[in-house]
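This report concerns the contacts of aromatic rings in one protein model. Please consult the sequence and the structure shown here while reading.

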Amino acid sequence: MNPKQKGKTMTLLITGLIIFLGMHSIHMLAPDFRQAGMQKLGTWGWKGVFAVISIVGFVLLVIGYGEARSTDPTWLWQSPAWMSHPVALLMIPAMILLVAAYVPGNRMKARIGHPMLLATKIWALAHLLANGGLHDLVLFGAFLAWAVADFIVSRKRDRAAGKTYPVAGVGRDITVVVLGLVLYGAFVAKLHVWLMGVVPIST
């Protein structure tokens, strides 16, 4: 790939990141704008616009990342093959935390408040350890920076508002762990290769 084509690919990736993460930062950077949008469009109207724009950004970043990875990537460092094993271990709590964000009444959500953002931080950091391309640094570095900032702001707002998250019993915690492990197993066995074309654990 010539430098001009590389530039177009990275532009596509960065544009997608700006759109996707920008939409997911409105609540953090421009809460008044978000509130005004919801009042003007209605809750579902705002969510619809949010979803459409986010999907556009996501598609662009996926295409940009895929092209940058598959066609003459620029390497900043080379991670050893064994790094896939600690990365795989880090993804276990990441998957459990991801599930915790959607199962109400679990203790992880009550304790952390925003387990999705913590899962994103672990996911991004783990993938930076295993991938040393410029496209990897742009993608995972952007998600890591966004998740760190959003987690800090969201936790601060929760404390200021005195917001707490209810606990519904140990059964919810067991459900979170079991579903998280099932999701992790599915990714290791099939989904990661199917979605990304990469075997997650090198032998």
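The model is predicted, so local features need pLDDT of at least 70 and side-chain atom pairs count only at pLDDT 80 or more, whereas totals for chains, interfaces and linings use all residues. Residues are numbered from 1 along each chain as its sequence is written, and side-chain values use heavy atoms, with hydrogens and water left out.

Rings of Phe, Tyr and Trp (its six-membered ring) pair if their centres lie within 6.5 Å; planes under 30 degrees apart count as stacked, over 60 as edge-to-face and the rest as tilted. By this rule there are seven aromatic pairs. Among them, Trp 123 and Phe 140 pair edge-to-face. This pair links distant parts of the chain, with Trp 123 in helix α7 (residues 115-130) and Phe 140 in helix α8 (residues 134-161); helices are DSSP runs of H or I, at least four residues, numbered from the N terminus. Trp 123 also pairs edge-to-face with Phe 143, a residue of helix α8 that lies 20 residues apart from Trp 123.

| Pair | Centre to centre | Angle between planes |
|---|---|---|
| Trp 123 and Phe 140 | 5.2 Å | 75° |
| Trp 123 and Phe 143 | 5.5 Å | 90° |

Buried means under 20% relative accessible area, exposed over 50%, and partly exposed in between (1.4 Å probe, protein chains only). Trp 123 is partly exposed at 25%, while Phe 140 is buried at 4% and Phe 143 is buried at 10%.

A charge sits over a ring if NZ of Lys or CZ of Arg is within 6 Å of the ring centre and within 35 degrees of the ring normal. The charged end of Lys 121 sits over the ring of Phe 151, 4.1 Å from its centre.

Definitions and conventions
Helices (H or I, at least four residues) and strands (E, at least two) are DSSP runs, numbered from the N terminus.
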